[in-house]
Amino acid sequence: MRIDVLDAETLARVGWVDVWVSFYWDSPYYSEGSFTLEVRPTTENLQLLQEGRWLVRSDENPRIPMRICSRTNQNEDANLVVSGYPATWLLTKRVSAVSIKNQPAEAAMRSLVSAAKPWPRLELGTEYGFDTTFEKQTSGGTVFDYCQTIGQACDLGFRIVLDGKGSKKKLLFECFRPTFDPNRRYSPQWGNLLFSPHTRGLQKRTTGATKNEMIFLERRTLQFYRPPRLRSRIPASNGVRA
């Protein structure tokens, strides 16, 4: 697995990281989610991992881009640590005052995103036709707050995924529910991890989690470790040694 680094505006790949000191990746269901990446403070890493750029895991499908929102080091005195949030972070920068009540949950969330001030390359993705209705009422707040309230009430996830290649890359908003597969297998070391305590997400939610949350949480891989033996790589076309 590698971590691709994408340009903040064009989403073009500007480099990648395939070795790190520590890596935490918390994909969202209807929550905020986050990531933390710690790497050696090489010249390449310091140049590559800039605030505003996007990180995407090469082994993830669909691809959930995470935005670098902070850096804890700007020089070579200590390890570089960057952290940030999934692309749904963009929805915290858009507000609405409409009242939502007794509406299909998926249609309501899509209408909020569609009505918000455009963000470069952000569009609506596939509409899956979930028939869950949001029967409560909510009004006023960020678009993310709206979606989170609706998602929690209806047990419906929402995310922004990376789609396309080259200059046609886009950020697509969609609602989703994980598909339950009791025969899905994992590493032979662990066997079937369904509802097991081996994932941090489940340890955080030992009570109160819905079935769809549990299914989603037990699938995602939250933390990796790899010794810092190699350096991150930037395409030679950028004029930097690969």
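This is a predicted model: local features need pLDDT of at least 70, side-chain atom pairs count only at pLDDT 80 or more; totals for chains, interfaces and linings use all residues.
Residues are numbered from 1 along each chain as its sequence is written; local features need pLDDT of at least 70, side-chain atom pairs count only at pLDDT 80 or more, and totals for chains, interfaces and linings use all residues. Side-chain values rest on heavy atoms, with hydrogens and water left out.

Across the whole structure, a search finds 9 aromatic pairs. Rings of Phe, Tyr and Trp (its six-membered ring) pair if their centres lie within 6.5 Å; planes under 30 degrees apart count as stacked, over 60 as edge-to-face and the rest as tilted. One of the pairs joins Tyr29 and Phe176: the ring centres are 5.4 Å apart and the planes stand at 90°, so this pair is edge-to-face. Because Tyr29 lies in the loop between β3 (22-26) and β4 (34-39) and Phe176 in strand β12 (residues 170-176), the pair ties together parts that are 147 residues apart in sequence. Strands are DSSP runs (E, at least two residues), numbered from the N terminus. Tyr29 is buried, with a relative accessible area of 4%, and Phe176 is buried at 6%; buried means under 20% relative accessible area (1.4 Å probe, protein chains only).

Phe158 and Phe173 form a tilted pair, with 6.4 Å between centres and 35° between planes. Phe158 belongs to strand β11 (residues 157-163) and Phe173 to strand β12, so the pair ties together parts 15 residues apart in sequence. Phe158 is buried at 1% relative accessibility, and Phe173 is buried at 0%.

Elsewhere, ring pairs link Trp20, Phe23, Trp25 and Phe35 into a cluster.

How values were computed: Helices (H or I, at least four residues) and strands (E, at least two) are DSSP runs, numbered from the N terminus. Buried means under 20% relative accessible area, exposed over 50%, partly exposed in between (1.4 Å probe, protein chains only).
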